[in-house]
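Me: I have a model open on my screen and would like to learn how to read it. Could you take me through some features one at a time?

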Amino acid sequence: MTAVKRIQYHQYGGPEVLRLEEFEPRSLAPNEVLVRVHAASANPMDWKIRDGIMQATTGRAFPRGFGTDFAGIVEAVGTAVARLRVGDEVLGGASPQKAGSFAEAVVVEEDGVVNKPTNLSFVEASALPTVGITAFQAIVREGEAKAGQSVFVHGCLGGVGRAAVQIALSLGASVAGSCRPSATADARALGIHPIVGFDFDPETLAGQFDLILDTAGTLPKAATRMLTKRTGHLIDINPTPAKFARSAMPGPYQVLIAQPLTADLDTIARAAGQGAIQVPIGRTVPLADALSALTELELHRTPRGGKLVAVTE
Ligand SMILES: NC(=O)c1ccc[n+]([C@@H]2O[C@H](COP(=O)([O-])OP(=O)(O)OC[C@H]3O[C@@H](n4cnc5c(N)ncnc54)[C@H](OP(=O)(O)O)[C@@H]3O)[C@@H](O)[C@H]2O)c1
């Protein structure tokens with residue numbers, strides 16, 4: 001395979017370890033596809049992986065590619081690939097072990113890659129995989145939200161939070177949430193009510209919720225007990241060893257690690273194609289300028305409230 005440009009790193013560390021370099025994609029395993037990447041979007045998980053906090057899972061083989069989420073066109077398929085064909089427009093996520101979506105091309109397993117709805121651009125499609133799958137699994141699979149129920153989303157305007165709000169509303173649940181005071185109008189426009197700040201007093205919403213999704217992982221235990229109905233669920237997507245221990249105990253608290261299920265991504269992609277899930281794009285940059293944009297996003301949180309997407313020419 002010919003060499004392509006990709007953002008990669010040769011050791012775990014901060015944003016300074018990232019380089020835009022030439023890289024030769026590996027030969028395809030039978031269940032893998034080569035995708036010519038048109039757009040790749042950034043997620044907080046990408047820099048957590050690069051920092052090395054998941055190295056028990058991600059290993060010590062370098063160079064490692066940066067980024068998981070992408071949209072592009074299938075350029076080659078392995079001998080056992082049955083669902084995807086050369087020329088298909090797709091979106092998907094690379095596993096944390098084999099990341100590398102900020103690139104001109106990426107090799108990924110067929111599982112976790114789905115056809116792109118024709119009415120979504122590559123940029124829009126690239127923003128969906130991680131936030132869509134996580135929100136879907138939190139609200140639908142684990143949270144089992146239903147029409148008539150009340151859901152609270154802590155961090156309701158982040159990537160996962162916003163997707164979760166839209167999924168819960170589409171099921172017929174009502175959604176309350178927390179955001180920065182300056183973003184209240186944005187939350188109201190999404191259909192969230194009531195809207196509170198990140199440091200709200202839980203007593204004001206005591207006992208109201210069937211499901212709480214804590215996207216920031218910062219809700220104190222006492223607050224979540226107060227907010228949740230007796231039969232409610234609490235889902236936290238920011239794992240720590242202590243949280244896993246708490247999650248293993250009987251009770252409503254659960255730490256969720258999203259799984260890259262093809263069926264779930266397909267559901268999200270179809271919903272986005274019908275306009276039911278929209279993930280705002282905050283900034284689009286050419287891959288050649290993505291290093292500085294990624295550093296600004298990580299260190300200064302800009303753009304806020306929208307995805308950073310790198311596009312190839
Ligand atoms: N377990 C999993 O499988 C999984 C999957 C995906 C993501 N995650 C993790 O989930 C987190 C959220 O991901 P994301 O993609 O939604 O990130 P994101 O787009 O950066 O959104 C984070 C949101 O949290 C808000 N926030 C900031 N400080 C807060 C506070 N003190 N309390 C409540 N909310 C606060 C932010 O608001 P402002 O923008 O106004 O600051 C923003 O809306 C990340 O840590 C990510 O690594 C886990």
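Me: Which elements do the buried residues of α9 pack against?

Reply: Happy to start there. Buried means under 20% relative accessible area, with exposed over 50% and partly exposed in between (1.4 Å probe, protein chains only), and contact means heavy atoms within 4.5 Å. The buried residues of α9 pack against β6 (89-93), β8 (113-115), α4 (129-142) and α5 (159-171). Among those buried residues are L265, I268 and A269. Do keep in mind that this is a predicted model, in which local features need pLDDT of at least 70, side-chain atom pairs count only at pLDDT 80 or more, and totals for chains, interfaces and linings use all residues. Residues are numbered from 1 along each chain as its sequence is written, and side-chain values use heavy atoms, with hydrogens and water left out.

Me: How many residues does helix α9 have, and what span does it reach?

Reply: Helices (H or I, at least four residues) and strands (E, at least two) are DSSP runs, numbered from the N terminus. The expected span of a helix is 1.5 Å times one less than its number of residues. Helix α9 (residues 262-273) has twelve residues and reaches 16 Å from first C-alpha to last, close to the 16 Å expected. Just after α9, G275 takes a positive phi of about 85°.

Me: What is the strand order in the open sheet of six strands?

Reply: Two strands pair if DSSP finds at least two bridges between them. Here the order is β11-β10-β9-β12-β13-β14, with parallel pairing. β11 (195-196) and β14 (253-255) stand at the edges with a single partner strand each, so one side of each lacks a neighbour in the sheet. β14 pairs with β13 (residues 228-236) over three bridges, and D236 has V255 as its bridge partner in β14.

Me: Is N43 buried or exposed?

Reply: N43 counts as buried because its relative accessibility is 3%. You will find N43 in the loop between β3 (32-41) and α1 (44-51). Setting aside residues up to four places away in sequence, N43 touches T68, D69, T130, V131 and K307. A polar contact is a pair of N or O atoms within 3.5 Å; within protein, one must be able to donate a hydrogen and the other to accept it, and residues adjacent in sequence count only if both atoms are side-chain atoms. One of 2.7 Å joins the side chains of N43 and K307.

Me: Which residues come nearest to the ligand?

Reply: A residue is near a molecule or strand if one of its heavy atoms lies within 4 Å of it. Of the 24 residues around the ligand, K48, R180, N238, A258 and R304 come nearest. A polar side-chain atom of R304 lies 2.5 Å from a ligand oxygen atom.
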